[in-house]
Amino acid sequence: MTSMVIRIQSPDHGTKRIEAKGSENITSFLERVQSLFLLGDTGWELYKEHNKKNFIKASRAKKLSDYQIKHGDMLFLEFSHKSRPDSSSLPFSSEVSPRQSTETGLASLVPDVQEDEVDRLLREEDGKIYRKRNEQLCRHGPQGKCLHCVPLEPYDQEFLSKCDPPIKFLSFHSYIRKLTGGVDKGKFVNLENLSCKIKPGCKEHPPWPGGICTKCQPSAITLNRQEYRHVDNIMFENPAVADRFLNYWRFSGCQRIGILYGRYEVFKDVPLGIKARVAAIYEPPQRTTVNKIELLDNPKEALVMAAAEKMGLRPIGWIFTDLVADDLSKGTVKNFRGNIDSHFLSAEECIMAADFQNKYPNPCSLSPDGHFGSKFVTVVVTGDNDNQIHFEGYQVSNQCMALVRDDCFVPTKDVPQLGYIKESGNEQYVPDVFYKDKDNYGNEVIHIARPLPVEYLLVTIPAAFASDFHYTFKSNIQSESFPVENRENIGQTQEFSALTSYLERFPPNKFLEAMSDFHLLMFLATSDMLPLKDKMDILFEAVKNHDEAKAMEFMKTEEWATVQEMMFANGPSMSSPTSSNTSGARQPAAQSGGPMWTCAHCTFLNQSIHNSCEMCSLPQT
């Protein structure tokens, strides 16, 4: 019987190949697998399928052919929790961070780091770009592979350049596969965060400016255009999310900043890509003018983040407008960004983007620091070449993050597209920073980064709207919505009367839909006047899962009943017998034609003319 090649996939050692014959007994085969992977006598098992099905049990009577194992099949090695190989036995040096093999998960340098779920999912993916059999060039059978149809690596530049549109940047996980895809399997690769500061604790000389040595002095930096990006697509899940944000500019003519709340997901259009899905935009306290925005301290920031997290959302980016009206009758805006005579982001905006990215680092077990880069994105709303409102996505490079974090990078005074690297002084040592450019003769020239074109620091990201709209918050479907926070200067105020007025517009059976408004939920969760903070978790769960039963449970709480009483006392219009409102506020007997009765099941206050509850339809008891 001819020999065959069988692939064995291990979660720690990657994929290895072993030659065998169908007539070989299982015990002999398992002994060779044990020797190949340097395994112990116990604590590991071999399966024919990835989901731990078809366990291959040691037997001298059974052969490989009895399990119908054929040439090219993949078998899967699994370890019990206590029996996994010690990380010290893996073929990595003490300074190595990435993986040993490109076909399974990455080996963790810092095992206690809690990475994002999307990173864990992508780590488990094969990542290969599979191609169909080329009928013109392939000369083999349907089960064979050749140079024209063999799967490609996710970092294959020729394939990425031929995509429509071309993929200019590798995804972060493709970049990791590229680092570890060579002959040495990434043995000498490090994912270290750049530092521009003097290493503390050196006792061979006085502290700076008294002295410095090669041991504590940071190395000079040559800026390179980053070849990968941590996020490959920015998607607004429906137009209403952005439209509510843009209404501020439409009403006031002033610019605006917002924090994007959403989640990170796998992006199938890019190999091993990540998508930032935007579900809501929170507007922090700020002072705005036609051409300037100043962010203020937000004492409610922690409460907002905690509330959003309970609905499965997190801060994933920031957005700002840079809009100037062109023709009001046509609704056009001026185009002064992104063309050859202008800039994409100003140096000041790059610094702010870097501040945000440093504030929200990317958890990464492959870095000794436990984090590397950031997934936090930047979105600019400006005019395009057709003078229409356009969304542009960016990130700044990890090098830019380090320069801003260590206070080495400042904007220039007059030219927005140029930054400046500070010079060393008595207070701070700044390493030399260079960038490469070409002169008039095509020769590569190295320049000191004083000044520095910010294009060396930028990574572009496509930003668009979903083709099939999704509504995390159902109120975005409605024309009526709760006022957005921190808009008092244009007459939109989040106050108790606004809550009363808003809830009047919804009938009792639309309570969950009324509550499914991001800005309303943030108002309820952060308001010191309302006694709802202890019960908001119920409402968050109801909105997150679109659960009517949970919403009804929230309505039955004493805390919501208290809010109903407050709304009745605050808003006489809620007492109209003909108005049907979701608050269930008590209505006076004089206008309802008789005494009110309270439903024993859901506590809704009903008019005396009804024998069954208007809210839950159960009979009066």
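**Close-up A. Helices α12 and α13 side by side.** α12 and helix α13 (residues 548–555) pack with their axes 8 Å apart and at an angle of about 160°. Axes here are lines fitted to C-alpha atoms, for helices over the stretch in contact, and angles run from 0 to 180 degrees between N-to-C directions. Helices and strands are DSSP runs numbered from the N terminus (helices H or I, at least four residues; strands E, at least two). The pair α12 and α13 is therefore roughly antiparallel; angles under 35 degrees count as roughly parallel, over 145 as roughly antiparallel, 65 to 115 as roughly perpendicular and the rest as oblique. Their crossing is left-handed, a term used if the near helix is turned anticlockwise from the far one by less than a right angle, with right-handed used if clockwise. Ile-538, Leu-539, Glu-541 and Ala-542 of α12 meet Lys-550, Ala-551, Glu-553 and Phe-554 of α13, where contact means heavy atoms within 4.5 Å. By class, this contact of α12 with α13 has five nonpolar, no polar and three charged residues. The classes are: Ala, Val, Leu, Ile, Met, Phe, Trp, Tyr, Cys and Pro nonpolar; Asp, Glu, Lys and Arg charged; the others, Gly among them, polar.

The model in all these views is predicted, so local features need pLDDT of at least 70 and side-chain atom pairs count only at pLDDT 80 or more, while totals for chains, interfaces and linings use all residues. Residues are numbered from 1 along each chain as its sequence is written, and side-chain values use heavy atoms, with hydrogens and water left out.

**Close-up B. Helix α11 against α12.** The axes of α11 and helix α12 (residues 536–545) come within 11 Å and cross at roughly 165°. That makes α11 roughly antiparallel to α12, and their crossing is left-handed. Leu-521, Leu-524 and Ala-525 from α11 meet Met-536, Leu-539, Phe-540 and Val-543 from α12. Sorted by class, the contact of α11 with α12 has seven nonpolar, no polar and no charged residues.

**Close-up C. Helix α6 against α11.** Helix α6 (residues 301–309) packs with α11 at an angle of about 120°, and the two axes are 10 Å apart. α6 and α11 are therefore oblique to each other, and α6 passes α11 in a right-handed crossing. On the α6 side, look for Leu-303, Val-304, Ala-307 and Ala-308, which meet Met-522, Ala-525 and Thr-526 in α11. The contact of α6 with α11 has six nonpolar, one polar and no charged residues.

**Close-up D. The largest nonpolar core.** This core has 78 residues, and those with the most contacts inside it are Leu-403, Phe-409, Phe-473, Leu-499, Leu-521, Leu-524 and Trp-560. A nonpolar core is a set of buried Ala, Val, Leu, Ile, Met, Phe, Trp, Tyr and Cys residues joined through side-chain atoms within 4.5 Å. Buried means under 20% relative accessible area, exposed over 50%, and partly exposed in between (1.4 Å probe, protein chains only). Not counting residues up to four places away in sequence, Phe-409 touches residues including Ala-347, Ile-351, Tyr-420 and Leu-457.

Close-up E. Gln-226 sits in the loop between β6 (221–223) and β7 (228–229) and is buried, with a relative accessible area of 11%. Gln-226 and Ser-397 are 171 residues apart in sequence, yet 6.2 Å apart in space, C-alpha to C-alpha. Gly-253 lies in the loop between α5 (239–252) and β9 (257–267) and counts as partly exposed at 28% relative accessibility.

**Close-up F. Backbone details worth a look.** A cis peptide bond joins Trp-208 and Pro-209, with omega about 10°. The peptide bond from Arg-450 to Pro-451 is cis, with omega near 5°. Asp-407 has a positive phi of about 60° although it is not a glycine; Asp-407 is partly exposed, with a relative accessible area of 43%.
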